[in-house]
Amino acid sequence: MIVIAEGIHVIAKTVNDAIKSRDKKPIQDLARAQAEAGADYIDLNVGFVRKDTEETMQWIVNTVQEVADLPLSIDTMNPVAMEAGLKACKKRPLLNSASGKTDSKEQMLPLAKKYDCDVVISCINDKGMPPEADSKLDSIMNTVAYANELGIPNEHIWCDPIVLPASTAGTGQDHALATYEFIKILPEALPDIKSIVGLSNISSGVPVELRPLLNRVYLVMLDRSGLYSSIHDVLDEDIMKLCRGERQNIVDLIYRTWDGEDIDLSSLSQEEVNYVKTAKVLAGEVLYSDAWLEA
Amino acid sequence: MEYSAPVEAYTGIVRPMTIGKGAKAITIGGENILPFHFFDEGSSPNPPKFALEILDMEPYDWPDFLVEPYKDVISDPVKWAGRCEELGADAVCLFLKSTDPAEKDSPADQAASLTKKVVEALNIPVIVYGSGDDKKDAEVLPKVAEACDGEKLLIGPVLKENYAVVGKAILDHGHMAIAQTPMDINLLKELNVKLCHFFPAEKIVIDPLSPALGYGIEYTFSLMERIKQLGVISKDSMTQMPMIANFGGEVWKTKQAKESKEQGLLWEGMTAMCLLLAGANILVLRHPDNIKLVKETIGGEIWQK
């Protein structure tokens, strides 16, 4: 699986302050750690970059490139910032992201063609966010057709079904399953197109100490359905071990739970029990609550 | 071609619960079918119960036609409770409104002794609701539980902010708890999970909050429906509790209900019907005429199969 490191994000105060004061160190420390942790790409989530757009983008991209010999995923809604970012990249970057919204189709997709880079296309369109696997696919297919017409081949397109928080009352768990289903049916519907998710959103709104567990289990599930790439916290050692196939016992346990096997919890370690309980929540078998490990 | 209607048989059951002791007791819950799905296999052995609400202080914002049935006793909660029993209530729901710091902030001891008098005066069980102020309730409800030791009252609201203190007092004195969360299935489950670390699940009633018709009732309808489905179909142990719909305060503050007696009665009655269809097991009403109206509407015999 292609792993994209998240964390260089303007929402993080350290990153935001560093950009404002042009202080390379905090960003370079993070980028180095992400590269050492085994990231294949580094995501630069720079927001809209209203001020000094082009200069700021060049500075961020170069700051990271000075210490990490990895391709970058340029993550912004602002087409001007996107172009400046893509232009500054030494390695073939990932444009993250375009969508089925009219503005995005008209302003972002041509950039992917112009700079001959890979591009993430999300299932969002002018009507919003399609909730089910089929409607997500319909939306993506329209946008992909548009991209093909511009001369962007399927091989360059990574589809993002948009992961939503599992904890959202009533619908969160259904969304988690819809995304799983989408990843599974994608290769047949759109051959040669890759899949990508922003994984951590699955645990948005969840008590912070419990988030990694949901992220890990969901990644194992999506990986099983054929996921090509994930943007997540590469500094979580356990998730990277799972990505590298170093914890096959946990993977097996999650698969068995997902397949509906009635697993005897008394024979398991506390860590294993937690993985089973989390898999049951994400499989939609058990209703989510913040106390899911306590039940 | 002959058509045969599909018949479902579910394996989950809503835990039955008995409120009140001895001859006073009533039982709610116990169903293993969805609400009014009498065509499926299984039964709903305990028809919904109807409580009438009284306050521990004279209400100042009730329309005249709502006060009317209680006019001569409304300044005396014990007599008011007795009137509710005469008018056919299955239970009395005593709302300790005066203890609210935003009202009279009356002391816990006063609330406890009044509750005890009400309980002693009645031949039907008593439900007690604190003001909903989590800190004040943490003082008031334990005193109420202690004063009425062993009476098997239904006491709430038990909230995520005070469940440890309030839940413990309810358990120690042999009562039942109303676990209340603000219209969210995940929060509701979380509170039940945490409460059940020390409190038996069979002594919990769920209160998901019940808005009035026209004021968001569809949220509670979907929520109650989901709770019941999870309990009966999916056997989620943390949702297999009976549910209480307590909407008197919500209904009777609407301008529609206050406008005329006929409209007010229907507003409360329709709210009641909606929430019964969603799966409520016990309802708290304010107008006594609605007990008859709603009972007639849902029928009697059908519940006896």
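Trainee: How do the residues of the lining of the largest pocket divide into nonpolar, polar and charged?

Mentor: Some ground rules come before that. This is a predicted model, where local features need pLDDT of at least 70 and side-chain atom pairs count only at pLDDT 80 or more, while totals for chains, interfaces and linings use all residues. Residues are numbered from 1 along each chain as its sequence is written, chains are lettered from A and ligands numbered from 1 in the order in which they are written, and side-chain values use heavy atoms, with hydrogens and water left out.

Mentor: Now the classes: Ala, Val, Leu, Ile, Met, Phe, Trp, Tyr, Cys and Pro count as nonpolar, Asp, Glu, Lys and Arg as charged, and the others, Gly among them, as polar. On that scheme the lining of the largest pocket has 13 nonpolar, 15 polar and seven charged residues.

Trainee: Which peptide bond in chain A is cis?

Mentor: Most residues other than glycine have a negative phi, and most peptide bonds are trans. The bond from Asn96(A) to Ser97(A) is cis, with omega near 10 degrees. Ser97(A) sits in strand E4 of chain A (strands are DSSP runs of E, at least two residues; helices are runs of H or I, at least four; both are numbered from the N terminus). That strand, 94–100, is one of those that each supply at least two residues of the pocket lining. In chain B, the bond from Gly156(B) to Pro157(B) is cis too, with omega near -5 degrees. As for phi, Phe36(B) has a positive value near 65 degrees, and Lys235(B) one of about 55 degrees.

Trainee: What is the count of salt bridges between chain A and chain B?

Mentor: A salt bridge is a side-chain nitrogen of Lys or Arg within 4 Å of a carboxyl oxygen of Asp or Glu. Between these chains the count is one: Glu294(A) with Lys194(B), closest N and O atoms 3.2 Å apart. The side of chain A that touches chain B has six nonpolar, four polar and two charged residues. Contact (heavy atoms within 4.5 Å) takes twelve residues from each of chain A and chain B.

Trainee: And what space lies in the largest cavity?

Mentor: About 130 Å³. It is lined by 15 residues, with Glu31(B), Pro35(B), Ser44(B), Ala280(B) and Trp303(B) closest to its centre. The second largest cavity has about 40 Å³, and its lining includes Lys21(B), Lys24(B) and Glu151(B).

Notes: On a 1 Å grid over the protein atoms alone, a cavity is a set of points where a 1.4 Å probe fits but cannot get out, and a pocket is an open set with protein on both sides within 12 Å along at least five of seven lines; lining residues have an atom within 4 Å of a point. Grid points are joined across faces, edges and corners, and a volume is the space filled by probe spheres set on the points.
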